[in-house]
Amino acid sequence: MIRPGSESLRKIAVVGRGTAGSLAAASVSRLHPDSAHELHHIYDSRIPVIGVGEGSWPSLVEELHRLTGLPHETVQRRLNGTRKYGVAFEGWGRRNRDFTHYFTPQQVSYAYHLSADLMEALLRESTRARRIDAKVLDIARVEGGAEVAFEGLPPERYDLVFDARGFPGELDPGRHIDISFIPTDTAVIRRCPATVEEPGDGPVRQHTYTRAVARPHGWIFVIPLTVHTSYGYIFNRDVSGLSEVESDFDAFLESDGVSEFEQRAVIRFPNFVHREIYDGAVARIGNAAAFMEPLEATAIVSAQLQIGMVLNMRLNRPVEHLERDAPVVNRFLIDNMLRYGLFVGWHYSCGSVHDSAFWRYARDRAWPQHREAANPRAAGCAALSKFDDMIELLNRPVIDKADWDRMCGVPLTSYAQMSQGLGV
């Protein structure tokens, strides 16, 4: 296949070796048609990959098969994975009942629960790159490309740089859209014994679900892997203290029949979208581009979209179109990331079974900020109007067949399932 943009991508860098960086490096190796291209995978080995349990979307199943060339069953086993068929919500919404957000087709389409550190190792095998272990001081756009500045090494110039260095140190209103309507900002991660046993003759085929359990200070995710179960308590550090969260976490694990655990990390995170995900030379991906709490497992699928959009556009479009293409791609990515954020924040709009300080804050103070935060004048995209269109569809007595395939980050079927469950 002739790829008219490949000549302008002779030298590419990926900075970061977490999930997003590993996906980007493997994608360049697979998609670039010219084996003579130069790929540098840059990371600081002093920064560990936190081996948390992660959820994903069904698109990752086929993506990992394409990137590795391995059978689905082999990939799943290499990731200590289980098959995720959706998210099981416990205690969310005004109906005070449990419900499940299924992938579509229901009970057919599945994703993976996986171990993040094992995915990095798996994708490394499929990546043809020069690996540079160094601290990156800066990534800047320069004439005809981007330059990476290192600590202790001379700078390098590249035609394209994927920046996967993670969250910004702090949010800057000029550079970031603050998704203030999502009410959480901290996660306590624990590793507990496995509840799913892998059979000796192949991968786990049973249906598993990410549990999202409403608790007084936020909610707890439960991700079942074959060697351990990953638990995380998601809360707001300005509403609840760490000690009271830890105490409630202990109580939940006891009620769940878990007698021992390993404390993995306490992670602070921003909920945001970068205003310049892609500028033509630098593509921010993963947590450097956008993040929203892990309620609907949007992190990996966001990275897939960012990498795929940028790489396919650069390879398939002549370089003469780059200055016009880059703003269009950037606006599309911002719009899509903000749609994910609105969908996630909407989950809090009806509260939960707990009438606590956190849930009152989430329902009555945080979520009402979404109209201001996602205002087109502030965000520079139409995500809010598209979200409003989906809510309007849900309120119709009958939805026309022509609208069944409507999307706003996620399909109408996802909105309908969540609406019924939450009692919107």
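Let's start with an open sheet of three strands in the order β8-β9-β10, paired in antiparallel fashion. Its edge strands, each pairing on one side only, are β8 (136–142) and β10 (156–158). On average, neighbouring strands of this sheet are turned by 25 degrees against each other, direction ignored. Strand β9 (residues 145–150) is joined to β10 by three bridges, and the two run antiparallel. Ala-146 stands opposite Tyr-158 in β10. Two strands count as paired if DSSP finds at least two bridges between them, and the strands (E, at least two residues) and helices (H or I, at least four) are DSSP runs numbered from the N terminus.

A word on the background: this is a predicted model, where local features need pLDDT of at least 70 and side-chain atom pairs count only at pLDDT 80 or more, while totals for chains, interfaces and linings use all residues. Residues are numbered from 1 along each chain as its sequence is written, and side-chain values use heavy atoms, with hydrogens and water left out.

### Charges over rings

Arg-190 lies over the face of Phe-261, at 3.9 Å from the ring centre. To count, NZ of Lys or CZ of Arg must be within 6 Å of the ring centre and within 35 degrees of the ring normal.

### Rings meeting rings

The whole structure holds 25 aromatic pairs. Rings of Phe, Tyr and Trp (its six-membered ring) pair if their centres lie within 6.5 Å; planes under 30 degrees apart are stacked, over 60 edge-to-face, and the rest tilted.

| Pair | Centre to centre | Angle between planes | Type |
|---|---|---|---|
| Phe-181 and Trp-367 | 5.9 Å | 85 degrees | edge-to-face |
| Trp-367 and Phe-387 | 5.9 Å | 75 degrees | edge-to-face |

Phe-181 lies in the loop between β12 (176–178) and β13 (186–192), and Trp-367 in the loop between α8 (357–366) and α9 (370–373), so their pair ties together parts that are 186 residues apart in sequence. Phe-387 belongs to helix α11 (residues 383–394), so its pair with Trp-367 links parts 20 residues apart in sequence.

Is Trp-367 buried or exposed? Trp-367 is buried, with a relative accessible area of 9%, and Phe-387 is buried too, at 2%. Buried means under 20% relative accessible area, exposed over 50%, and partly exposed in between (1.4 Å probe, protein chains only).

Elsewhere, Phe-89, Trp-92, Phe-99, Trp-219, Phe-221, Tyr-348, Phe-358 and Trp-359 form one aromatic cluster.

### Two helices side by side

Helix α2 (residues 59–68) packs against helix α4 (residues 116–124) at an angle of about 35 degrees, with the axes 9 Å apart. The axes are lines fitted to C-alpha atoms, for helices over the stretch in contact, and angles run from 0 to 180 degrees between N-to-C directions. From α2, Leu-60, Leu-64, Leu-67 and Thr-68 meet Met-119, Leu-122 and Leu-123 of α4; contact here means heavy atoms within 4.5 Å.

Thr-104 and Pro-105 are joined by a cis peptide bond, with omega about 0 degrees. Pro-105 sits in the loop between β5 (99–102) and β6 (111–115). Gln-107 is also found in the loop between β5 and β6, and its phi is near 65 degrees, a positive value in a residue other than glycine. Asn-80 has a positive phi too, near 55 degrees. At 18% relative accessibility, Asn-80 counts as buried, whereas Gln-107, at 33%, counts as partly exposed.
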